[in-house]
Structure formats: C-alpha cells, structure tokens
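Thanks for coming, everyone. Please have the sequence and the 3D view open, and we'll walk through it together.

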Amino acid sequence: MNHYNFKCMNIEILREYCISRKDVTESFPFGDDTLVFKAAGKIFAMVNLDGDLNINLKCDPSLALELRERYHAVTPGYHMNKKHWNTIHSDGSIPDNEIFSWIDHSYNRVLKKK
C-alpha cells in the first residue's frame with residue numbers, strides 16, 4: 001500500500017491503484033479529460049484529468065451520506081446518481097488509505113461483493 005497523503009496523491013498513484021485490482025479496464029468513453037475504470041464492464045471509478053484531481057466512486061447510499069457529513073471534500077457524485085456516487089476532491093484533508101479503501105468499496109460494489 002502506498003503511504004502518501006491525498007494532497008500528494010496524483011493521477012499516476014490513483015491509476016496504479018485502480019488497475020491493480022483484478023480484471024480492471026481503463027478507457028476514455030466521455031472524452032479525453034475523464035479516465036474511467038471498469039470491473040466486469042461496470043464503472044467503479046472516474047477521475048477528472050482537467051484541473052484539480054477529483055475522483056467519483058460508487059458507494060453504499062448510507063455510507064455515502066456518512067462520508068459527506070464527515071469530510072467536506074466528499075460531495076454528491078458530480079454528473080452521477082447522487083444516491084450511489086460520491087466525488088472526492090483532492091484538497092489534502094483525506095488520508096490516502098481512506099481513499100484506497102473507498103476505491104476498494106466501489107470496486108466491490110460493482111462486483112456485488114459486500
């Protein structure tokens with residue numbers, strides 16, 4: 001596991017972590033500024049490549065609300081179903097291990113693992 005703070009996190013670290021999951025593909029179906037990661041053909045992470053680093057992750061609805069209340073850098077998913085998606089803004093307030101655990105949670109959600 002990487003030991004960076006999210007303020008040091010960059011697209012290379014996020015990409016490396018996402019593609020290290022089993023059977024993950026990456027593509028640009030929405031244009032050159034949005035990198036999409038899929039597992040079993042379903043999106044589990046989207047990273048904005050234009051401007052500040054932000055990542056959209058699928059999330060259990062009750063956990064999504066809890067994370068939004070706990071962290072000001074977590075907001076309802078930008079351009080996504082706000083009940084099931086969060087956007088994490090890279091402002092340095094969330095440790096990388098939290099982000100990595102949320103990536104795993106999102107990956108498992110699309111694979112229907114609890």
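Let's start with V47. V47 sits in strand β3. Helices and strands here are DSSP runs, numbered from the N terminus: helices are H or I with at least four residues, strands are E with at least two. Is V47 buried or exposed? V47 counts as buried because its relative accessibility is 0%. Buried means under 20% relative accessible area, exposed means over 50%, and partly exposed is in between, with a 1.4 Å probe and protein chains only. V47 and F37 are 10 residues apart along the chain, and their C-alpha atoms are separated by 8.5 Å.

Quick word on the source. This is a predicted model, where local features need pLDDT of at least 70, side-chain atom pairs count only at pLDDT 80 or more, and totals for chains, interfaces and linings use all residues. Residues are numbered from 1 along each chain as its sequence is written, and side-chain values use heavy atoms, with hydrogens and water left out.

Now the strands. Take β1, residues 24-27. It runs antiparallel to β2, and 4 bridges join the two. Two strands pair if DSSP finds at least two bridges between them. T25 has K38 as its bridge partner in β2. β1 and β2 form a hairpin, with 6 residues between them. Look at G31 in that turn: its phi is positive, about 115°.

Next, β6, residues 85-89. This strand is mostly covered, with 4 of its 5 residues buried. What does β6 pair with? One partner is β4, residues 54-58, antiparallel, through 5 bridges. P76 has N86 as its bridge partner in β6.

Stay on β6 and find T87, which lies in that strand. T87 counts as buried because its relative accessibility is 2%. Which side chain does T87 join in a polar contact of 2.5 Å? The side chain of N56. A polar contact is a pair of N or O atoms within 3.5 Å; within protein, one must be able to donate a hydrogen and the other to accept it, and residues adjacent in sequence count only if both atoms are side-chain atoms. A polar atom of the T87 side chain also lies 2.8 Å from the backbone nitrogen of Y78.

On to the core. The largest nonpolar core has 29 residues. Such a core is a set of buried Ala, Val, Leu, Ile, Met, Phe, Trp, Tyr and Cys residues joined through side-chain atoms within 4.5 Å. F44, W102 and I103 touch the most other members. At least two residues each come from α1 (11-19), β2 (34-39), β3 (42-48), β4, α2 (61-70) and α3 (96-110). Which element gives the largest share? That is α3, with 6 residues.

The structure holds 1 cavity of 30 Å³ or more. The largest cavity has a volume of about 40 Å³. We use a 1 Å grid over the protein atoms alone: a cavity is a set of points where a 1.4 Å probe fits but cannot get out, and a pocket is an open set with protein on both sides within 12 Å along at least five of seven lines; lining residues have an atom within 4 Å of a point. Points are joined across faces, edges and corners, and a volume is the space filled by probe spheres set on them. The cavity lining is L57, K58, C59, L67, N86, I88, W102 and H105. β4, β6 and α3 each give two or more residues to it.

The largest pocket is about 290 Å³ in volume. Of its 14 lining residues, T34, M46, N48, N56 and Y78 are the closest to its centre.

Last stop, two loop residues. D23 is in the loop between α1 and β1. H79 is in the loop between β5 and β6. Most residues other than glycine have a negative phi. D23 has a positive phi, near 60°. For H79, phi is also positive, near 60°. D23 counts as exposed because its relative accessibility is 60%. H79 is exposed too, at 65%.
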